[in-house]
Amino acid sequence: MIEPTPEQVLMRDSLVQLLGDGVARTRSAGEAWPRIDRAPWADIAGAGWPGLLVPEASGGWGGTALDMVMLLEGAAATLAPEPLPAVLAIAPLLAACESAAAAALLGQLVSGEAIVLMAESGAFPLSHEAGFVLFDAHWADEVICAEGEGDAFRLVAVPAADLADAPLRRTIDGSGQRVFSLPAGAGLELARGCRAEAAYHSAVNRLRLGAAASLMGLVRGALALTIDYLGVRTQFGQPIGSFQALQHRAASLHVAHTAGWALVCEAALSVGGEKEGIACAMVKAKASSTARDVLKDCVQMHGAIGFSDEYALAPLFRRAVTLASAFGTSQVCLGEIGSLPRCA
Amino acid sequence: MLRIESEAEQAFRREVRDWYAAELPEELRDLTFRPEPARALGWYRRLSQRGWIAPHWPKTFGGMGASPVEQVILMEEAARIGAPELPTQGLNQIGPILQRFGTPEQQARHLPAILNGDVIWCQGYSEPGAGSDLASLRTRGRVEDDEIVVTGHKIWTTWGHHADWIYALVRTNETLPRRQGITFLLIDLTSPGITRRPIRTLADENEFCEVFFDEVRVPRANVVGPLDGGWSIVTALLDEERIQLGAPSHALRALERVRRMARALGPALGEAGHLMVAEAEMEVAALTAAFLQILTGVASGKAGDPSGLKILSTETTQRVLDIAQELAGSAASLKLPEQVAGAVIDFSELFLQSRRLSIYGGTNEIQRGLIADRVLKLPKGKRP
């Protein structure tokens, strides 16, 4: 497997340390919902993290997609509630817009003054009015929305305060989601035309890749818990990990993780090439279905403790379900694959 | 392969694609079975002359010393054009064994013959009653002066009836613990006392056979490694074998079938079919990624989780062929391939053939047990 470079290990360790006990923050955020504590975000931005993927010319670190997946995979199991993965993926889009409005917003994003997120095109499922879906909605200060296509493509930034009429719905991992429609002409235009559209699709690809890396980090965390548990829990006078049925099941989960993580690294190596779109659709589909399947099995193999909220598996499970549903589910991403350029 | 290819890699891909298109005879394209030696060896020799028959062998032994990416490019282009499956026991098994454990004489005699396609090898490990429990084998070798006299019975010997030589494990010492009395032998199949009986398979062909040895005299010079020390050779090589078993070549061939079916179906593919094709593409991409990364790791000296790769590779191929069966609809039971929309489409052959994948090289159940023990370090249980 592709191992993180020593530099990536250092970066990952310092991020993980900065994020600290994300589980505790997620749990207390759940109690205070929808109020959020912005202090940790100030620390994250103060350390410069939102600029990871921003080109050096625009004041960022010029990090690569492989840097991003190594970091997000390593940080996922901290379960920090802050929307760092999404912000990381969006920041380079603002740099690519090449407009004064986007540059100003990028400055606020990098400094931590504003949390800028991007909405997906979509509607509330089962109802048909077209619009946008925003994850981590109650964290956002500014929301980027894309409209139209080709020459008519427009990228606009809308203050989150303008979306307050759209209901904020709570997600199972303690975050929030908003589905909204945008009145014609709303928002501040950041860019338009085909180049802006291409940059937008790259941002969608990065969001998918980042979510896939996070999902595989959650899978790794859940597997580690499960393997430990199989070694210590005894039944019928033996550790349950000595039972062949559970051994084979655990081995299958291990293989699923191997395949999922390999695809994340491979997709990161595709970024910037002609297969970036198909690779990022594939990796999001694969990571979403793998994470859901593996986490379900991990809960089952734990027995009743796996179903208890106070055990560490429960929040991993809920975060995985949320991430699997964001930026294109497995089926949505698979549905796009045929219409994107094919693999060699 | 999804990653961005370097200019040199792109040039290599074009070179391979063009050369295959120019050189691979039409009658060897799109075969759904492995052609018999009389049909296949001309192509084998052509690939050998081009220097591409042994991508994973080091250059010192006449191989290509190819990078993992180059190996995958060769597999992808072979699948794209419908190149036939060739005999692999020489290239993937006994070749690497002799490179590591053979004497200079053994290497000089056998390695060029494998590369040139002059000699076809088969493997004599399994016996009736000694499949996954290899150490329980009963074929005996009696040491007499400078010869070993072999009597016994091997089975599930892939391509045994086409092969010229067999490499086999025989018990040469009854008094030692069962893993310590085994010798690794190279046996000329034209030796007196050998009988071969092909076995019909689930896929209705003769891919493997039984081999009977009745007082077969084998020169001592054909022992690989120490007398009674054959077990360590096999175990040392199993991991390498499984990494080659983990190559995406079968899965790519299966995916090519699915792509052809999808093209032939056109709009009739429907939404459900579209999703299944996408799943096949995705699963093969993940396998290819894992193979590339594990091979890269092994090249730099890291342990490679060969059991996991073997499971992934074989079950991905089987999953892709499940999808092919679904797309085939009522044609899924047709025995012979058909020309549909300008392409040869095989509806059942690969599906039948692929049953062997999760059985050979140590069943996938054995591999899961190995992962539980070696990778996950779960408590010892009652495992076979």
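**Entry 1**

I take a residue as exposed when its relative accessible area is over 50%. By that cut-off B:Ala341, at 68% relative accessibility, counts as exposed. I note that the model is a predicted one. I looked up B:Ala341 for its backbone: its phi is positive, about 50°, although the residue is not a glycine. B:Ala341 sits in the loop between β9 (338–340) and β10 of chain B.

I found a positive phi at B:Lys377 also, about 55°, and this residue is not a glycine either. B:Lys377 belongs to the segment after α11 of chain B and is exposed, with a relative accessible area of 63%. I recorded both cases because most residues other than glycine have a negative phi, and most peptide bonds are trans.

In chain A I noted a cis peptide bond between A:Trp33 and A:Pro34, with omega about 0°. A:Pro34 is placed in the loop between α2 (22–32) and α3 (39–46) of chain A.

**Entry 2. The interface of chains A and B**

I counted 43 residues of chain B in contact with 42 residues of chain A. The two chains bury about 3600 Å² between them, 67% of it on carbon and sulfur atoms. On the chain B side, B:Leu2, B:Met282 and B:Gln293 lose the most area to chain A, together 21% of what that side buries.

I then listed the polar links. Eleven residue pairs are in polar contact between the chains, both residues at pLDDT 80 or more. Five helices of chain B, namely α3 (68–81), α7 (249–265), α8 (270–299), α9 (306–328) and α11 (364–375), each supply at least two residues of the side that touches chain A. The largest share of that side, 14 residues, comes from α8(B). By class, the side of chain B that touches chain A holds 21 nonpolar, five polar and 17 charged residues.

I found two salt bridges between chain B and chain A. In one of them B:Arg3 pairs with A:Glu266, the closest N and O atoms being 2.8 Å apart.

**Entry 3. Helix α7 of chain B**

I checked the span of α7(B): its 17 residues reach 25 Å from first C-alpha to last, close to the 24 Å expected at 1.5 Å a residue. Twelve of the 17 residues are buried, so this helix is largely enclosed by the rest of the structure. Among the buried residues are B:Leu252, B:Arg253, B:Glu256 and B:Met261. The buried residues of α7(B) pack against α3, α8, α9, β10 (343–345) and α10 (349–353) of chain B. After the helix comes B:Gly266, with a positive phi near 60°.

**Entry 4. Salt bridges within the chains**

In chain A, A:Arg220 and A:Glu73 form a salt bridge, with closest N and O atoms 2.6 Å apart. A:Arg220 lies in helix α7 (residues 194–232) of chain A and A:Glu73 in helix α4 (residues 65–76), 147 residues apart. A:Arg220 is partly exposed at 41% relative accessibility, whereas A:Glu73 is buried at 7%.

In chain B, B:Arg13 forms a salt bridge with B:Glu77, the closest N and O atoms being 2.8 Å apart. B:Arg13 is in helix α1 (residues 7–23) and B:Glu77 in helix α3 of chain B, so the pair ties together parts 64 residues apart in sequence. Both partners are buried, B:Arg13 at 7% relative accessibility and B:Glu77 at 1%. I traced one network of salt bridges with shared partners through B:Glu5, B:Arg13, B:Arg17, B:Glu76, B:Glu77 and B:Arg80.

Conventions:
Residues numbered from 1 in each chain as written. Chains lettered and ligands numbered in written order. Predicted model: local features only at pLDDT ≥ 70, side-chain atom pairs only at ≥ 80, totals over all residues. Heavy atoms only, no water. Contact = heavy atoms within 4.5 Å. Buried area = accessible area lost by both parts, 1.4 Å probe. Salt bridge = Lys/Arg side-chain N within 4 Å of Asp/Glu carboxyl O. Polar contact = N/O pair within 3.5 Å; in protein donor to acceptor, adjacent residues only side chain to side chain. Helix = DSSP H or I, 4+ residues; strand = E, 2+ residues; numbered from the N terminus. Nonpolar A, V, L, I, M, F, W, Y, C, P; charged D, E, K, R; others polar. Expected span 1.5 Å × (residues − 1). Buried < 20%, exposed > 50% of the residue type's maximum accessible area, 1.4 Å probe, protein only.
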